[in-house]
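My entries follow the order in which I checked them.

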Amino acid sequence: MKNVALYILMALQPVTVLAQSDGTQDSYWQETATGTLVAMDASSAGQDCEPIPRMATYQSRPLSGSGHFSRLQLSRCGLIFSGQKADIPILQIRPGTAEEYQDTLPPSDAAQLQWGWRNMVGSQADYQLFWLDPLKAELRSVQLTLPQSQTQRPNWRPLWAAAVQPAAQPWLPAEISAQRLADDPTAEWLVLPGNAQVPIRLINAQTGVPRQLSVPAVNTGFALMPLMADPDQDGLAERMFLLSTDGLLLQYDWQSALGWQPSIVADFRQSGWQFDGSWQRISARWPVTQGWQQGDVFVLQGRDADGYRLLVLRRPVGLQRVFDLTDIADHVDLNKAGWQRTLAARPVTAAKILAGIVYLPLSQDPDTLAYDQIEVLQLFSGTVLYAPSTLKLSAVQQAPLRLVPANGKYQLWSAEQIIVPEVQRLDPSCLFCVETLTPQHMQQQQQLAMFRYEQVY
């Protein structure tokens, strides 16, 4: 039996502090060689770190259950915990000595280390943090208890360090998350990209102990995090996807009698593009010239000597074949399996996909994640939504795009700047048509039931 769900897309001694305008104080901490924290002075903490981030950005991640802290970021400043407002003090923690930590970080703020976090079980103030240290070739994990006030010391406890030879470094932020896998549901696993000999690495999230995933070697390299899927909706990942830097898209399916079985979804290696930005997979239903199809939609970002590209591949359920570049259209063509488009500038994040529309923030500056334009396209066909397709912003932004209700409709904002005054969605009654997105449409996103396909043996 298989569960099928249908969806419509739509960071010892008194702390030296820096006073804020309302009297609140930032705190700065440094990990010692013994794994404890000591206070830093503001001048040391701010070296190569100005300005310290105090707003939501695509480098940061939202927190839950942390009281006055709402965002976490790993940057050249270390681990930064901040609030939604500018008057909330920050908490900065630098792992390792300052010199060692600086050497491990990418030379540009636009390149990001692989890292992640999660709440500890049964706690609202305890977090497990993990990040890849490329200089030491290890994956580290610590437990952090956030203080209830700025006068208290954070509790920092190293958990484990695992030897992990870094794969190629992605040029967009990558997040590590813990997964439960169908072949060993007794533990949660950090699933990382590997190399040609070991394509996927598994690290026990609780202990840091690695285990071997029995899959064949592949003559290629990897930079992007594997994507997980749970086809039967039992809380365990029975499927994994892996994209190589040169464009080989692999699928691994768990079969209890045979183990992880590999197959090739697509081979774009003849493109000459480098797939080391980001990628996404969505279960979706899309229109074709005759009716509708349902299956996987892959959104890939690549680059070559001439610039950056966006590639979208649609794979219907049950279609067993290897896609290649001949299946991808350079213009709108629903008879093809997908489309690709040259981008006007460098993407700064994975695309935001809302109601069947792709919003991709872009930047002309190769060394920042701030963006000044947004590419807007229909997801399934690549049809432009506006003329021209690239929206020019009146001011450079860093905040993530967010949907805001307004007068029975929706708007798209970044920080305090309105980007799209009236958000559109795909109109299911007409190919390539769009209509205004309303709260009634959003209510249709609710999953009402789960249906099972019955198989007769």
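Entry one, a parallel pairing. I found that strand β20 (residues 259-267) and β24 pair in the parallel sense over 2 bridges. Here two strands pair if DSSP finds at least two bridges between them. Strands (E, at least two residues) and helices (H or I, at least four) are DSSP runs, numbered from the N terminus. I noted that A266 stands opposite F323 in β24.

Before going on, I wrote down the ground rules. This is a predicted model, where local features need pLDDT of at least 70 and side-chain atom pairs count only at pLDDT 80 or more, while totals for chains, interfaces and linings use all residues. Residues are numbered from 1 along each chain as its sequence is written, and side-chain values use heavy atoms, with hydrogens and water left out.

Entry two, the sheet around that pairing. I read the strand order as β17-β18-β19-β20-β24, an open sheet of 5 strands with mixed pairing. Its edge strands are β17 (227-229) and β24 (323-324), and each pairs on one side only.

I listed 4 strands in the order β13-β14-β15-β16, with antiparallel pairing. β13 (178-181) and β16 (210-211) each have a single partner strand, so one side of each is left without a neighbour in the sheet. I counted 5 bridges between β14 (residues 184-193) and β15 (residues 200-204). L190 has I203 in β15 as its bridge partner.

I found 10 aromatic pairs. Rings of Phe, Tyr and Trp (its six-membered ring) pair if their centres lie within 6.5 Å; planes under 30 degrees apart count as stacked, over 60 as edge-to-face and the rest as tilted. Y58 and Y371 make a tilted pair, 6.1 Å centre to centre with 50° between the planes. Y58 is in the loop between α1 (42-45) and β4 (60-62), Y371 is in strand β30 (residues 371-378), and they are 313 residues apart. I also noted one aromatic cluster of F241, W279 and F298.

The test asks for NZ of Lys or CZ of Arg within 6 Å of the ring centre and within 35 degrees of the ring normal. The charged end of R211 sits over the ring of W189, 4.4 Å from its centre. R285 lies over the face of W292, at 4.4 Å from the ring centre.
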